[in-house]
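Hi everyone, thanks for coming. Let me walk you through some side-chain contacts, and please have the picture in view as we go.

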Amino acid sequence: TEQLPGAVSGAGSARTSASCSLASSRESSTSAPGPTPYKVLMLGGPAVGKSSLVSQFMTSEYLHAYDTSIDDESGEKSVSVLLAGEESELTFIDFATADLSPDSCINKYTDPNAYCVVYSSADRSSLACAEKILQTLWTLDTISTKAVILVANKADLVRSKVVSTEEGKSMATAYDCKYIETSVGINHNVDELLVGILTQIRLKLENPERSRDLFRKRSSSKKNLNRNRSPASGTGTPTGSAQNSPKKYRGSRTSASLKVRNLLGKVWARDSKSKSCENLHVL
């Protein structure tokens, strides 16, 4: 399968760093201090590829994206990642939707460091499920203190794609979380997602009060945004005047994001780990 255009260099550097990270974790001395542990809760509707993503995180080798046996390997899995000279252990909590619903997962695991909300670009009903999850996290005020990433998986299924990139970005902006498109099928942005999750966790933990303040400011600027959407309708989009609000708000942030990203690109030109976060809209 061909790589997506422009994804070769970024994915290659990320894969190299991921391979080195896994190797260094296996060869680390038992006397050395252990890696910092973090927990990531995987959420989403059925058959969106949560287990496939987690399985790909665990190895540097390519896994068959549509191997249905992977779905039986749900539970908790851990991987050590070396980023910016600091080793961390990410434990991914993943349960089949038939065994535990997203709401039940959120209620059962009350204190993870990050939430990875996954939907399929080829299934609009999964987008509605993802929006319902984001609504729950928003109501619980989780987004202000925890890393939350909206993942549009199965980006390789272009002909079957029914959810546009703009829809995903608008939803992520409306709920003040990060957004990325991935595909386990062609190994697109999988390493970038892994690095991005860890980066967002560290950013949230560095200054939690600042994160809360930013969240409150953004929330107040969007106080007129209609949150009463209808996930059950399967539209996955806001109604009324709220339909245009996320796009306008996103546009103002995108221009600033591009300027900051260009400046950081010059400073971090030699740091492959930093460049691997590029597709995750990290400011």
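Let me begin with a term: a residue is called buried when its relative accessible area is under 20%, and exposed when it is over 50%. One more thing to keep in mind is that this is a predicted model.

With that cut-off, Lys146 at 17% relative accessibility counts as buried. Its salt-bridge partner is Asp111, at 2.9 Å from N to O, and Asp111 counts as exposed at 55%. The two are 35 residues apart, with Asp111 in the loop between helix 3 and strand 4 and Lys146 in the loop between helix 4 and strand 5.

How many salt bridges does the structure hold? There are three. Another one joins Arg124 and Glu167, also given as 2.9 Å, N to O. Here Arg124 belongs to helix 4 and Glu167 to helix 5, 43 residues apart. Then there is Glu181 with Lys161, whose closest N and O atoms are 3.6 Å apart. Glu181 lies in strand 6 and Lys161 in the loop between strand 5 and helix 5, so this pair ties together parts that are 20 residues apart in sequence.

Now to the rings. The count comes to three aromatic pairs. One of them is Phe95 with Tyr109, stacked, with 6.2 Å centre to centre and 20° between the planes. Phe95 is partly exposed at 22%, while Tyr109 counts as buried at 15%.

Trp138 and Tyr175 have ring centres 6.0 Å apart and planes at 85°, so that pair is edge-to-face. Tyr175 is buried, with a relative accessible area of 1%.

Conventions
Residues numbered from 1 in each chain as written. Predicted model: local features only at pLDDT ≥ 70, side-chain atom pairs only at ≥ 80, totals over all residues. Heavy atoms only, no water. Phe/Tyr/Trp six-rings, centres within 6.5 Å; stacked < 30°, edge-to-face > 60°. Buried < 20%, exposed > 50% of the residue type's maximum accessible area, 1.4 Å probe, protein only. Salt bridge = Lys/Arg side-chain N within 4 Å of Asp/Glu carboxyl O. Helix = DSSP H or I, 4+ residues; strand = E, 2+ residues; numbered from the N terminus.
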